[in-house]
Amino acid sequence: QDAYGVFHVFSERLKASSATTEWLAVKQTFMALDEWYEDRELFHVVGFLIQQGETINALLEAAVTRRKAEFAGELRRRAFALAIGADLAALDDGQLTARIRERCEGVSYARDPGAIRTLLLLFNLATLLENPRSNLRFQFDSFKRENWDIEHVRAVAARRPERHNERLEWLGHCQGYLQTREDGQALAQAIEDFVALPQRSAVDALFDPLYEDVLIYFHESDEGEENGLSNLTLLDRSTNRSYKNAVFALKRQQLLELDQSGIFVPLCTRNVFLKCYSPQVDNAMFWSQEDANAYGDVIVETLR
């Protein structure tokens with residue numbers, strides 16, 4: 001908290017050292033950080049480790065005693081241990097894939113939100129590093145500033161809105177989309193009829209079947225693994241809160257609008273809503289269990 005803290009530290013050091021020695025140490029530290037920034041792989045792996053709580057000083061200490069290739073390997077081992085919970089050096093190729101799949105399939109939204117966020121962040125970074133010809137860099141500053149968090153790709157049936165105002169808001173989002181679709185006009189009218197009811201008349205017996213009809217229309221009524229990694233992605237907190245438990249088509253529309261306006265959207269989040277991981281895109285507006293399975297397989301393979 002001392003405005004002159006840096007001065008006092010160096011004033012004490014200069015009593016036992018020389019200005020030349022201290023300045024050389026400053027330059028060497030700067031050169032190390034500059035090298036990490038310019039090296040695209042180090043930039044992403046160091047960024048991931050710092051995002052997970054590692055300190056710059058700890059990484060600098062690790063770099064002092066290792067050659068560059070050894071240092072890069074050490075960083076990868078640390079990243080792997082944080083995300084997968086295993087020693088990378090102790091696994092052969094077969095064990096590696098099995099361990100990653102076990103980790104990815106074993107996490108749950110309710111139980112392991114921190115672990116899921118770590119896996120999704122590393123998946124985004126690994127995707128960027130997978131293509132050596134790409135010069136794209138992950139925007140860690142935007143990721144931190146805009147509070148990107150985990151959210152379901154498709155709606156969670158069990159998280160249906162309970163309060164009247166929440167139901168009106170959820171139905172209003174759906175109605176706006178349905179009105180643009182020829183085959184959605186009848187359902188949009190049913191929503192309008194429900195919204196026009198006095199609150200005392202808008203009982204569960206009327207809302208519940210309407211809610212199910214909406215999920216059926218968007219192909220989100222079938223049961224699947226809703227809280228597993230293959231139904232989760234990174235979504236900025238403001239969009240997450242404004243759309244809450246929205247269906248896939250609405251989240252897709254919102255994310256593409258953000259992307260088109262130049263607002264940062266993590267690459268893998270964009271790929272999910274463009275259905276880039278699906279082997280066959282039957283309908284770009286729906287997220288099926290087959291889409292989720294394909295997405296989960298890509299996460300495992302990319303991390304491997």
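Modeller: Gladly! A pocket here is an open set of grid points with protein on both sides within 12 Å along at least five of seven lines, and its lining residues have an atom within 4 Å of a point. Do keep in mind that this is a predicted model.

Colleague: Which residues lie nearest the centre of the largest pocket?

Modeller: The largest pocket holds about 490 Å³ of space. Its lining counts 19 residues. Nearest the centre lie Arg76, Leu122, Ala126, Thr302 and Leu303.

Colleague: Which helix gives the largest share of that lining?

Modeller: Helices H3, H5, H6, H7 and H15 each contribute at least two residues to the lining of the largest pocket. The largest share is five residues, and it comes from H7.

Colleague: How many residues of the lining are nonpolar?

Modeller: Two residues of the lining are polar and four are charged. The nonpolar ones number 13.

Colleague: On to the surface: how much accessible area do Leu33, Ile50 and Ile56 have together?

Modeller: Leu33 belongs to helix H2, residues 19-38. Leu33 counts as partly exposed because its relative accessibility is 32%. With Ile50 and Ile56, Leu33 forms a nonpolar patch on the surface, and their accessible area together is about 200 Å².

Colleague: And Leu210, is that residue buried or exposed?

Modeller: Leu210 sits in helix H11, residues 204-217. In sequence Leu210 is 19 residues from Ile191, while their C-alpha atoms are 7.5 Å apart in space. Buried means under 20% relative accessible area. Leu210 has 8%, so Leu210 is buried.

Notes: Residues are numbered from 1 along each chain as its sequence is written. This is a predicted model: local features need pLDDT of at least 70, side-chain atom pairs count only at pLDDT 80 or more; totals for chains, interfaces and linings use all residues. Side-chain values use heavy atoms; hydrogens and water are left out. On a 1 Å grid over the protein atoms alone, a cavity is a set of points where a 1.4 Å probe fits but cannot get out, and a pocket is an open set with protein on both sides within 12 Å along at least five of seven lines; lining residues have an atom within 4 Å of a point. Grid points are joined across faces, edges and corners, and a volume is the space filled by probe spheres set on the points. Helices (H or I, at least four residues) and strands (E, at least two) are DSSP runs, numbered from the N terminus. Ala, Val, Leu, Ile, Met, Phe, Trp, Tyr, Cys and Pro count as nonpolar, Asp, Glu, Lys and Arg as charged, and the others, Gly among them, as polar. Patches are made of residues with over 30% relative accessible area and no salt bridge: like charges are joined within 9 Å, nonpolar side chains (Val, Leu, Ile, Met, Phe, Trp, Tyr) within 5 Å. Accessible areas come from the Shrake-Rupley method with a 1.4 Å probe; for residues, only the protein chains shown count as cover. A salt bridge is a side-chain nitrogen of Lys or Arg within 4 Å of a carboxyl oxygen of Asp or Glu. Buried means under 20% relative accessible area, exposed over 50%, partly exposed in between (1.4 Å probe, protein chains only).
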